[in-house]
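Biologist: Please take a close look at a single part of this structure and describe its packing in detail, giving the cut-off behind each term as you use it.

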Amino acid sequence: MIFRIPEYYRKFRCIADKCRDNCCIGWEIDIDDETADFYRTVKGEFGERLKDSINEGSFILTEDERCPFLSRSGLCDIFTSLGEEHLCQICTDHPRFFEWFGAVKEGGTGMCCEEAARLILSEDMVLTEEVVPDEECDECDEVLYDLLFEARNAVFGILKERPLAEAVSCILGFAEELQIRMDSGEFSLPEDIVCIAPEVPDIPSVIGFYSELEPIDPQWIPFISRLNDKNEGHCPLPGHEIMLKRVAVYFIYRYFMKGVFDGEILSRVKLAVLSTWFIGFIWRKTGSYGDDAAWLAKNYSKEIEYCQENIDALADASYTMPCFSSERLAGMFYE
Ligand code: SF4
């Protein structure tokens, strides 16, 4: 099968003890059966420690929500004692993500990790393909896959060639038209790209909506409320444009093709647009560039992307809330 990944995927290395928001803190870590079976065979003191630290297939987190094998110096005791090959599947993969489409597997690095976010923001996404052994996966509608693959390339092209605000209007117009066609059983690409005409955005409603989502970090909601207090300007700054296009490409790459499984495209393009805007809004309000910008993009991703409840809420709201109409979303990129 073909394994498609961004070039930067191979450059990713966990920064371990240098990481300021370690993924081994605050998350429940499920252990896959094969690894759990191996852990049961480990003898000696470390074997006893493993036994005492696992319950119902997960590591028992400490009182401060740390994985019991995360040392105070930020290193993983399983990695250092048993070797990298004995990490469970989640720990091996994270922050990488994968999606299977018949004979194609796509992968990437998720923005919820500060080092992955730094990579995503530091270079344009170039996709590469390699042949890997076949893996089992669900059936995939090949006709729809081909259509959406072509459509996604068209969206990448728009984001590459046009200024951000114009590109956003165009990909929203493209997604609206494509969704109409797919809903009526017509599986073809729109011939012309008709950009959405921007309307005056409703920023307070957008921030209000985000403030009601399930928070992962208790500091998140107070943080975005403070941003909202600062009234001056809302649209992305020119100095952030290149990085924001990379954010948009990341979200399109990761979510667009999932439409193969449910025929849903528009809400995923809106997710990409909204996420791009929101991250740009945070950068603008905090005056962030470089590593600080990567850190804040990581925070956004962790709060929104890595909570299925929040992703679902955004998908629903993209159809039901007036502030998320394509016209108003397009307007958010203009002052
Ligand atoms: S969040 Fe990323 S850099 Fe930090 S510990 Fe996890 S994988 Fe490593």
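**Helices H12 and H13**

Modeller: H12 passes H13 in a right-handed crossing, a term for the near helix being turned clockwise from the far one by less than a right angle, with anticlockwise being left-handed. This is a predicted model, in which local features need pLDDT of at least 70 and side-chain atom pairs count only at pLDDT 80 or more, while totals for chains, interfaces and linings use all residues. Residues are numbered from 1 along each chain as its sequence is written, and side-chain values use heavy atoms, with hydrogens and water left out.

Helices are DSSP runs of H or I with at least four residues, strands are E runs of at least two, and both are numbered from the N terminus. The axes of H12 (residues 266-286) and H13 (residues 290-304) come within 10 Å and cross at roughly 135°; axes are lines fitted to C-alpha atoms over the stretch in contact, with angles from 0 to 180 degrees between N-to-C directions. The two helices are therefore oblique to each other, the class left once under 35 degrees is called roughly parallel, over 145 roughly antiparallel and 65 to 115 roughly perpendicular.

From H12, Leu274, Ser275, Phe278, Ile279, Ile282, Trp283 and Thr286 meet Ala293, Leu296, Ala297 and Tyr300 of H13, where contact means heavy atoms within 4.5 Å. The residues of this contact divide into nine nonpolar, two polar and no charged.

Elsewhere, strand E1 (residues 2-6) has four of its five residues buried, so it is largely enclosed by the rest of the structure; buried means under 20% relative accessible area, exposed over 50% and partly exposed in between, with a 1.4 Å probe and protein chains only.

Conventions
Ala, Val, Leu, Ile, Met, Phe, Trp, Tyr, Cys and Pro count as nonpolar, Asp, Glu, Lys and Arg as charged, and the others, Gly among them, as polar.
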